[in-house]
Every structure is written in C-alpha cells, then in structure tokens.
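Visitor: I'm new to this one. Can I put a few quick questions to you while we look?
Guide: Go ahead.

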Protein chains: 2
Amino acid sequence: LKLGEAGEFGLIERIRRLVDAESEDIVLGIGDDAAVFRPVQDHLAVITTDAMIEGVHFNLDYTPIESLGWKALAINISDVAAMGGIPRYAVISLAVPEKWSVEDVESLYRGVSGCGKEYNCIIIGGDTVRSRSDCFISVTVVGEVEKDAFVRRSGALAGDFLCVTGPLGRSRTGLEVLKAKKNGPDFPRSVKRFLEPRPLVQEARRLIRELGVTSMIDISDGLASEIHHICHESKLGCIVREENIPISEETIRWTEEKHVPPVQFVLQSGEEYELLFTAEKSRIDKWRNRKNNDWDIIPIGEMVPENEGVLMDRDGKRCRIPPNGWDHFRV
Amino acid sequence: LKLGEAGEFGLIERIRRLVDAESEDIVLGIGDDAAVFRPVQDHLAVITTDAMIEGVHFNLDYTPIESLGWKALAINISDVAAMGGIPRYAVISLAVPEKWSVEDVESLYRGVSGCGKEYNCIIIGGDTVRSRSDCFISVTVVGEVEKDAFVRRSGALAGDFLCVTGPLGRSRTGLEVLKAKKNGPDFPRSVKRFLEPRPLVQEARRLIRELGVTSMIDISDGLASEIHHICHESKLGCIVREENIPISEETIRWTEEKHVPPVQFVLQSGEEYELLFTAEKSRIDKWRNRKNNDWDIIPIGEMVPENEGVLMDRDGKRCRIPPNGWDHFRV
C-alpha cells in the first residue's frame with residue numbers, strides 16, 4: 001500500500017496499533033495534540049534526543065528497516081542508561097520518502113516497538129511526515145532517576161580507574177562486514193551489535209549502586225572520543241593501557257583479515273553502546289576479586305591530572321590519543 | 001565558517017551559548033548524555049513532537065532561517081497550549097546539509113532561542129548532525145499541566161458552541177504572498193503569522209479557567225481538518241455557520257485579488273495556531289456579554305449528534321465539510 005493511499009490519519013491508526021502499550025502512569029497516549037503522563041513523585045526526569053539520517057547514519061542497502069527502528073530507540077535509551085536513569089516514554093519523529101510503502105513504515109515501528117517492549121519504554125507520541133528523498137528519524141526519550149543517583153561525565157577523580165563494560169569493536173566490525181557484503185554468519189555478534197544494539201540500562205544502575213561510579217558515558221562515537229569527553233568534563237587526563245583494551249574475538253579475526261591494527265580500529269568504533277566509566281580503584285578491585293562474579297568489568301586505565309594529557313601506554317611507551325573517534329561533520 | 005571546520009563539538013559550544021538559560025529546576029543542561037530536570041510536584045507532564053522538513057514544510061527561498069527556528073519550536077509549544085499546558089523544556093534534533101555555514105546554524109538557533117525566551121521554554125538538549133541534501137528539524141517540548149486541568153479533543157458535548165480565538169486565513173495568505181514574491185509589506189500580519197506564529201499558551205489556560213472548555217485543538221492542519229478531529233474524537237457532528245467564520249482583513253483582500261472563495265481558502269489554511277474549542281453555550285454567551293471585554297472569542301457553530309454529520313450552513317443550505325484541510329501525504 002502506498003503512503004498516499006493510507007493518508008496521514010490512516011497511518012497514525014496503524015502505528016497506534018503497533019506501539020500500543022498500557023501503563024497506569026499514562027493519562028493520555030497517542031492521538032491528541034500532546035501526550036500526558038504522571039511523573040514519578042520525588043524522582044528527577046531525564047530527557048535526551050538523537051537523530052538518524054539516511055546516507056549519514058544508516059544505509060538501507062544493508063540495514064533492515066525493522067533494525068533501523070530498533071536502533072533509533074535503543075541509542076536514546078542508551079543515553080538515559082548512561083545517566084543511571086530508567087527509560088519510560090518515547091516520542092518518534094519520522095520523515096519518509098514517498099516511495100516507502102505503508103508496510104515499510106510499519107516495519108520501522110515494529111522495530112521501535114520491539115525495543116520499547118524490551119526496555120519498558122512506551123511510545124506515547126510522534127509525528128510522521130514525508131520527505132523529498134532521505135529518511136530521517138529522530139527519537140526523544142524521557143526517563144526518570146532517583147535524586148542524586150544520576151551520574152555525570154564530569155565527576156571522575158584523579159586516581160580513579162577507567163573501565164569498560166565489555167569487549168569492543170563489534171559495531172564497526174558488523175558495519176564493515178555488512179558493507180563488504182561478507183558472510184554475516186561468520187560475524188553474528190558483530191552484525192547483531194551493529195544492527196540492534198542493546199543499551200545497558202540495568203547494568204548502569206548496578207554499577208552506580210555497587211561501585212559508586214564517579215563518571216559515566218555510553219560509547220556512541222568511539223572509545224577515543226568518549227575518553228576525551230570524560231577527561232574534558234572532569235578536567236583530568238588519563239593513561240590507558242593498550243593491552244587492557246578488551247577487543248571482541250570477531251573484531252580480532254576481522255582486523256587480522258584486513259591487516260588493520262585492532263586497537264586503532266576499536267578506538268574509532270562508534271555505536272558500541274558499552275559503558276565507559278570511572279570508579280575508585282579499591283571498589284573496582286573488590287568487585288573483581290569477588291568469588292562467583294557473574295559479570296566482569298574491565299579497567300583499561302587510570303585518571304591522572306589534566307596536565308599529563310590523554311595518553312595510551314604500550315609497554316611503557318606513551319602517545320597521545322586523538323579525540324576524533326567519530327565526528328559527524330568530518331566523516 | 002564551514003560546518004566541517006567547526007566540528008561537532010565546536011558547534012555544540014556555539015549553540016550552548018545561544019540557548020543558555022537559567023532555571024532552578026534544571027539539574028543538568030546541554031552537554032552530557034541527557035539533560036536532567038525536576039518535574040513540578042503534583043503536576044502532570046505533557047509531551048509533544050513535531051518535525052519540519054525542507055521542501056515539504058518549508059522552503060528556504062522564502063523562509064529566513066531564523067524564522068524557521070522560531071516556527072519549529074512555536075508549533076510544538078502550540079500543541080502543549082492546546083492541552084492547557086505550560087511549555088517548560090525543549091530538545092532539538094537538527095540535520096543540515098554540509099553546504100550550510102556555522103552562521104546559518106546559529107541563525108536557526110537564534111530563532112529557536114527567541115521563541116523559547118518569549119514562552120519561558122528552555123532548550124536543554126539536542127542533536128546536530130549533517131544530512132545529504134535537505135534540512136530536517138524536529139523539536140520535542142515537555143510541559144506541565146495541573147491534574148484534571150488539561151483538555152482533550154474528545155470532551156465536546158452536543159449543544160456546545162464551537163469557537164475560534166481569532167480571524168483565520170493569515171498563515172496561508174502569508175505563504176502565498178511569499179511564494180508569489182508579492183510585496184510583503186501589503187500583508188504584514190499574514191507574513192508574520194506564517195513565518196513566526198505565536199502560540200496561545202496563556203490564552204488557552206484562560207479559556208479553560210473562565211469557560212470550562214470541553215475540547216480544544218490548535219489549528220495546524222486547517223480549520224476543516226481540526227473540526228473533523230474534534231467531531232471524530234468526541235463522537236459528534238457539528239453545524240458551522242459560514243457567515244460566522246472570522247476571516248482576516250488581509251485574507252479577504254488577497255482572496256479577492258485571486259478570485260478565490262475566502263471561506264474555502266480559510267478552511268484549508270494550515271499553521272494558523274489559533275485555537276478551536278468547544279464550551280457550553282451559556283458560558284460563551286456570558287463571556288461575550290461582559291462589559292469591557294478585552295478579548296473576543298468567536299462562536300462559529302454548534303455541536304450536534306454524530307449522525308447529523310459535519311456540515312456547513314450557508315443561509316439555511318447545508319453541505320458537508322471535507323476533512324482534508326491539509327494532509328501531509330496528499331499535498
């Protein structure tokens with residue numbers, strides 16, 4: 001069915017059916033001038049917005065539309081997670097070229113809805129319009145966080161360990177595998193990570209509770225870029241030990257095949273959605289030394305005074321880490 | 001200065017300077033993964049999002065970039081107003097072609113910021129990225145409203161008067177004047193209305209307080225379309241008296257010049273941002289009969305049972321009102 005045949009209001013009805021979800025906190029959902037909800041008493045509200053543009057952030061040659069929908073919501077949930085918040089509601093702004101079918105728009109919303117259900121984030125509003133050529137999707141997520149429980153980028157202290165939540169490189173590996181039309185099944189976790197990243201909402205909250213993390217950010221632009229953000233906002237430097245950077249097994253395989261240095265590759269791998277955070281050394285050690293640990297976090301470096309710089313250490317030799325993991329205006 | 005030369009992070013700093021505003025309720029503004037604010041206790045939250053796409057919703061040949069910024073925020077504030085809410089915070093998703101300069105982006109944000117200041121709506125976050133060809137701007141506004149003080153589209157009752165807040169037609173007149181490259185100064189209020197509409201936030205709240213309005217909507221897609229929304233959601237019909245539809249003086253002049261029937265013109269004039277609402281007849285009469293009235297609202301028709309239809313009455317002759325004031329997928 002062509003978009004022009006459904007009309008804007010027919011389309012809204014179809015979307016409403018796809019994203020319909022119940023919550024006693026929603027007073028008024030999709031279909032009026034605005035949505036109305038009851039904020040949780042005594043909590044703070046968290047809000048973030050992120051857009052994805054065809055030809056810049058995604059390419060439909062190798063991105064299924066349903067994955068695009070998932071990802072557009074997931075990257076916003078990840079920003080809420082990086083604050084220590086819980087995502088609650090999302091609104092979706094979608095502009096699609098006229099050549100899209102109603103079924104395409106439904107696929108996209110099926111992805112959005114799938115991600116929303118997984119994370120208890122309810123779609124309560126949106127705007128669906130046409131564009132001349134490219135698809136544009138912008139999502140805003142509103143969440144909540146307990147007072148004084150949220151974490152900024154700016155709270156790191158000299159001496160803190162800098163840690164990541166898991167092996168890196170998958171997202172960029174997945175993108176390159178898809179672009180090269182390589183055999184996806186050889187790199188399943190990478191392709192999955194690139195197409196449908198999984199924000200670490202509960203994990204972030206656990207880190208705050210159990211480790212008292214001092215700063216946190218999600219890895220969306222690449223490890224190098226995020227390290228610089230934490231250093232800049234916390235007015236510190238850091239020394240990262242190259243050998244400690246965890247690299248996914250598939251990324252090691254892929255970079256060997258391509259004869260690319262894996263650490264360089266990982267520093268610039270955006271859209272990982274692992275968390276980068278700082279916490280007191282002693283608390284990290286205690287966590288890592290627990291018996292029967294169900295989840296390992298990986299210290300990759302240490303925060304130092306600002307004038308020491310943002311450095312990579314390889315067997316005692318040090319060099320500066322370039323900040324441009326992923327700069328949208330320089331790609 | 002070219003966008004590539006400022007880089008994403010240089011640009012964020014420039015934007016931050018333009019939109020900077022203080023509020024004791026903002027815990028964390030622009031610059032982290034998400035913004036954090038304190039919701040007002042015992043109020044409900046209102047949220048809405050609306051996008052504007054180059055070549056579909058605006059054309060930079062006749063739209064100054066600063067006006068575009070104003071309008072992108074204003075249309076969202078108007079949605080909050082139509083619920084009876086007060087706008088508080090906005091996040092802006094902006095995608096611009098690489099040919100734009102940093103100064104262009106600053107102009108846009110100057111417009112956003114001007115509108116925000118006028119309505120006490122603070123920009124607390126955003127995402128600025130590049131696009132391949134067209135400019136996309138999507139805004140989400142979060143506001144607040146007292147419990148049970150908000151107004152749906154669905155509460156109209158048979159017998160209620162259907163009213164508008166002011167003369168219509170200006171926005172479409174302004175658009176056509178600009179498109180025709182006609183002498184703008186002959187139609188100043190129309191051009192102004194089209195480029196920089198003024199949402200009726202305090203006016204909406206006054207209507208709720210003083211008239212107990214039963215349903216309300218802002219006129220964004222055209223009078224015909226909005227009448228149908230209120231009828232559909234309230235499960236009613238209505239009879240509109242053609243002679244009662246208020247038409248702006250400039251619109252009368254413009255439609256005379258173009259030999260177009262003015263009422264037809266007004267029914268399809270979108271982006272007016274006047275309010276369309278229903279209230280009990282007796283309360284409307286009382287309001288209109290007050291001495292020294294500082295603001296006149298205009299009853300244009302009456303709500304009737306659904307099976308009577310959505311009709312226009314001209315000297316006792318009745319015809320159906322077509323719903324398509326402005327359908328984005330049919331333009």
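Visitor: Which residue does D25(A) form a salt bridge with?
Guide: This is a predicted model. In it, D25(A) pairs with R88(A), and their closest N and O atoms are 2.9 Å apart.

Visitor: Where do those two sit in the chain?
Guide: D25(A) is in the loop between α1 (3-19) and β1 (26-28) of chain A, while R88(A) is in strand β4 (residues 86-97). They are 63 residues apart, so the pair links distant parts of the chain.

Visitor: Buried or exposed?
Guide: D25(A) and R88(A) are both buried.

Visitor: How many salt bridges over all chains?
Guide: There are 48.

Visitor: What about R206(A), which residue does that one meet?
Guide: R206(A) meets D294(A) in a salt bridge, 2.9 Å from N to O. R206(A) lies in helix α6 (residues 201-211), and D294(A) in the loop between α10 (281-289) and β11 (298-305), 88 residues apart. R206(A) counts as buried, at 18% relative accessibility, whereas D294(A) is exposed, at 60%.

Visitor: Which residues are linked in a network with them?
Guide: E210(A) and R290(A) are linked with R206(A) and D294(A) in a network of salt bridges.

Visitor: Changing topic: how can chain A be laid on chain B?
Guide: By a turn of 180 degrees and a shift of 0.0 Å along the axis, with an RMSD of 0.0 Å. The two copies are thus related as by a two-fold rotation axis.

Visitor: And through what surface do the copies meet?
Guide: The same one, because 100% of the interface residues of chain A are also interface residues in chain B.

Note on methods
Residues are numbered from 1 along each chain as its sequence is written. Chains are lettered from A and ligands numbered from 1 in the order in which they are written. This is a predicted model: local features need pLDDT of at least 70, side-chain atom pairs count only at pLDDT 80 or more; totals for chains, interfaces and linings use all residues. Side-chain values use heavy atoms; hydrogens and water are left out. Copies are superposed by least squares on the C-alpha atoms of residues with pLDDT of at least 70 in both. Contact means heavy atoms within 4.5 Å. A salt bridge is a side-chain nitrogen of Lys or Arg within 4 Å of a carboxyl oxygen of Asp or Glu. Helices (H or I, at least four residues) and strands (E, at least two) are DSSP runs, numbered from the N terminus. Buried means under 20% relative accessible area, exposed over 50%, partly exposed in between (1.4 Å probe, protein chains only).
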